[in-house]
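Reader: I am new to this structure and would like to go through it with you. Could we begin with a single residue and work outwards?

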Amino acid sequence: MALTPRRPRRRRPAPLIGSLALATGLGLAAAPASGRLGDVGRAHAATPATAAATIVVAKDGSGDYATVQAAVDAVPANNPSAVTISVKPGTYRETVKIPASKPHIRLVSSTSGRNDVTIVYNNASGTPKPGGGTYGTSGSATVAVEADDFQARNLRFVNDFDEAAGGITDKQAVALRTAGDRIVLDNIAAIGDQDTLLLDSASKDKTGRVYVNNAWIQGNVDFVFGRASAVINKSAIRLVKRYDGSSGGYVAAPSTAAGKKGFLFINSDVTGDVSSRSFYLGRPWHAGGDASLDPQAIVRNTDLSAAIKTTPWTDMSGFSWKDDRFAEYKNTGAGSGAASTDRPQLTDAQAADYEIADWLGGWQPSS
């Protein structure tokens with residue numbers, strides 16, 4: 001795949017403020033790969049800014065509501081200013097949907113650790129719906145965010161669907177789905193197996209910018225996927241074995257529209273307790289067989305373990321990755337490799353236009 005030279009490096013916007021300052025970001029937590037509901041690496045994020053209103057969720061009845069969805073339902077439609085939903089420690093087994101009509105929601109833990117609040121459910125793509133049919137991949141999400149200007153901090157989003165249980169063929173099971181613009185996911189964990197984190201946009205012609213910072217993202221098949229213009233910064237990408245104990249899978253499956261930016265993995269690490277050379281970094285998802293899509297994934301300044309194949313990109317559903325936009329830049333670790341026709345690398349000049357500020361397009365997330 002030939003990479004077209006880009007224009008000279010341009011002047012960057014000023015650094016962002018608070019815990020999401022792009023110049024520094026948050027450090028990764030040191031933690032081993034874990035089971036689906038096991039403890040993940042702890043890290044700390046700055047206290048969210050004061051919102052116009054605060055709703056408290058507590059399982060024990062000490063808050064305003066006992067479930068997260070009830071708190072979301074209490075937010076007025078088309079709310080013009082930030083509403084913070086503060087969730088007290090506990091495991092909340094429920095599905096949550098934040099509709100497009102409810103922007104400016106800040107969903108946060110009442111603590112600074114991401115292990116203290118877990119929102120979990122177990123729907124899969126093939127799970128029967130009460131009214132007939134099945135949920136489908138996007139409908140399987142434990143938490144679905146369709147609104148703009150959403151922020152989540154210090155939370156775990158989990159889909160614990162049991163692939164080994166049998167009876168369901170379509171095993172894609174989403175922990176978190178976003179479809180809005182200007183989405184911040186800070187110090188969160190997204191835990192699942194296949195199709196864990198769906199970063200999308202409202203439609204093919206709309207931009208969905210997502211900034212993921214200091215996250216723990218765990219899965220095995222296409223577990224970061226969708227058409228959003230997403231930055232995954234300073235995050236732990238954890239590879240896990242399949243339900244049958246085998247190793248093998250794909251980190252990213254972008255379905256980027258032509259002319260838009262796809263996934264930028266930067267300043268992160270990719271590892272897990274899996275077999276050597278068993279995982280691809282990604283493959284092109286032409287959703288619905290749409291040949292007009294131009295999937296993009298860039299992995300740069302990231303530590304890659306020996307789990308990554310020496311040819312890290314592969315085809316998908318008859319579409320060649322070489323016809324789309326896949327490249328690396330200055331990765332390190334046993335899974336990194338030199339430039340070749342099977343392993344495109346950005347030049348220094350090209351890399352100047354593949355930075356966080358380029359992806360966010362003038363939007364500067366703040367704490």
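Author: At 0% relative accessibility, N233 counts as buried, where buried means under 20% relative accessible area, exposed over 50%, and partly exposed in between (1.4 Å probe, protein chains only). This is a predicted model, in which local features need pLDDT of at least 70 and side-chain atom pairs count only at pLDDT 80 or more, while totals for chains, interfaces and linings use all residues. Residues are numbered from 1 along each chain as its sequence is written, and side-chain values use heavy atoms, with hydrogens and water left out.

Reader: Which strand holds N233?

Author: N233 belongs to strand β17, residues 229–233. Helices (H or I, at least four residues) and strands (E, at least two) are DSSP runs, numbered from the N terminus.

Reader: And what does the side chain of N233 join in a polar contact?

Author: The side chain of N267, at 3.0 Å. A polar contact is a pair of N or O atoms within 3.5 Å; within protein, one must be able to donate a hydrogen and the other to accept it, and residues adjacent in sequence count only if both atoms are side-chain atoms.

Reader: What else is N233 in contact with?

Author: Setting aside neighbours within four places in sequence, the contacts of N233 include Y211, N214, I266, S268 and I356. Contact means heavy atoms within 4.5 Å.

Reader: Let us turn to the sheet. In what order do the eight strands come?

Author: The order is β3-β6-β9-β12-β15-β18-β21-β24, in an open sheet with parallel pairing. Its edge strands are β3 (90–93) and β24 (303–304), each of which pairs on one side only. Two strands pair if DSSP finds at least two bridges between them.

Reader: How many bridges does β15 have with β12 and with β18?

Author: Strand β12 (residues 189–191) pairs with β15 over three bridges, and A190 stands opposite I217 of β15. With strand β18 (residues 236–239), β15 has four bridges, and G219 stands opposite L239 there. Both pairings are parallel.

Reader: What about β12 and β9?

Author: Strand β9 (residues 156–159) runs parallel to β12 and is joined to β12 by three bridges. V158 has I191 of β12 as its bridge partner.

Reader: Are the faces of β15 covered or open?

Author: Both are covered: W216 and Q218 on one side, and I217 and G219 on the other, are all buried. In a regular strand the side chains alternate between the two faces of the sheet.

Reader: A change of topic: what lines the largest cavity?

Author: The lining consists of V251, A252, F265, V270, L281 and V299. These lining residues divide into six nonpolar, no polar and no charged. The largest cavity holds about 40 Å³ of space. On a 1 Å grid over the protein atoms alone, a cavity is a set of points where a 1.4 Å probe fits but cannot get out, and lining residues have an atom within 4 Å of a point. Ala, Val, Leu, Ile, Met, Phe, Trp, Tyr, Cys and Pro count as nonpolar, Asp, Glu, Lys and Arg as charged, and the others, Gly among them, as polar.

Reader: Finally, is D348 buried or exposed?

Author: D348 is exposed, because its relative accessibility is 52%. The residue lies in helix α3 (residues 348–351). Beyond residues up to four places away in sequence, D348 touches Y329 and K330.

Definitions and conventions. On a 1 Å grid over the protein atoms alone, a cavity is a set of points where a 1.4 Å probe fits but cannot get out, and a pocket is an open set with protein on both sides within 12 Å along at least five of seven lines; lining residues have an atom within 4 Å of a point. Grid points are joined across faces, edges and corners, and a volume is the space filled by probe spheres set on the points.
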